[in-house]
Amino acid sequence: MRYFVILLSLAVAAGVAAARRRLVVIRVAGTSMVPTYQPGDRVLIRRGGRAALRRGQVVVFRRLPPDNTDLPDNTGLPNSTGRPAVLRETSWLIKRIAAVPGDAVPDQVAAGVHAAPGESVPAGRLVVLGDGPVSNDSRHWGYLPMDEVLGVVIRSLSR
């Protein structure tokens, strides 16, 4: 019986360790995803899976602005501290995928990604948009490299 308990404990510990490598909980800050997610909501993220990203999925990703002078803050809007990005910790953003490689670039994003009418999203890139009326997203900083995606939201833990 004692060996069974030890084996069961080891199996549970291994399962927890595997889940922690695969899943992560993120707290939403800012209003760029309202009404889907409110500030303070917690969401469960499945790490990886970049090969299977689809239009409509909500993703969490690391994003540095093109000029690398300032990281976005937790509202998704530019930070006004002026501190160099290399001196600050990583910020994670949450947005919905509007287009994947091979899809036509959405009209509302064309200027932000410098795309001609009818042009397709290039390989290795995504177009992401916030659900809320105020969102710093692909309309402002262009394509999102797929390498920056941490994972896909699989469910809200707050409601």
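Let's start with Phe61, which counts as buried because its relative accessibility is 0% (buried means under 20% relative accessible area, exposed over 50%, partly exposed in between, with a 1.4 Å probe and protein chains only). Quick housekeeping: this is a predicted model, where local features need pLDDT of at least 70, side-chain atom pairs count only at pLDDT 80 or more, and totals for chains, interfaces and linings use all residues. Residues are numbered from 1 along each chain as its sequence is written, and side-chain values use heavy atoms, with hydrogens and water left out.

Okay, on to the active site. Which residues does UniProt list for it? Ser32 and Lys95, from an unreviewed entry; such annotations may be inferred rather than shown by experiment, and the positions follow the numbering used here, with feature names shortened. They span 64 residues in sequence, but no two of their C-alpha atoms are more than 7.8 Å apart, so they gather at one spot.

Is Ser32 buried or exposed? Buried, with a relative accessible area of 6%. Lys95 is buried too, at 1%. Their side chains make a polar contact at 2.9 Å (a pair of N or O atoms within 3.5 Å; within protein, one must be able to donate a hydrogen and the other to accept it, and residues adjacent in sequence count only if both atoms are side-chain atoms).

And back to where we began: leaving aside neighbours within four places in sequence, Lys95 is in contact with several residues, including Ser32 and Phe61 (contact means heavy atoms within 4.5 Å).
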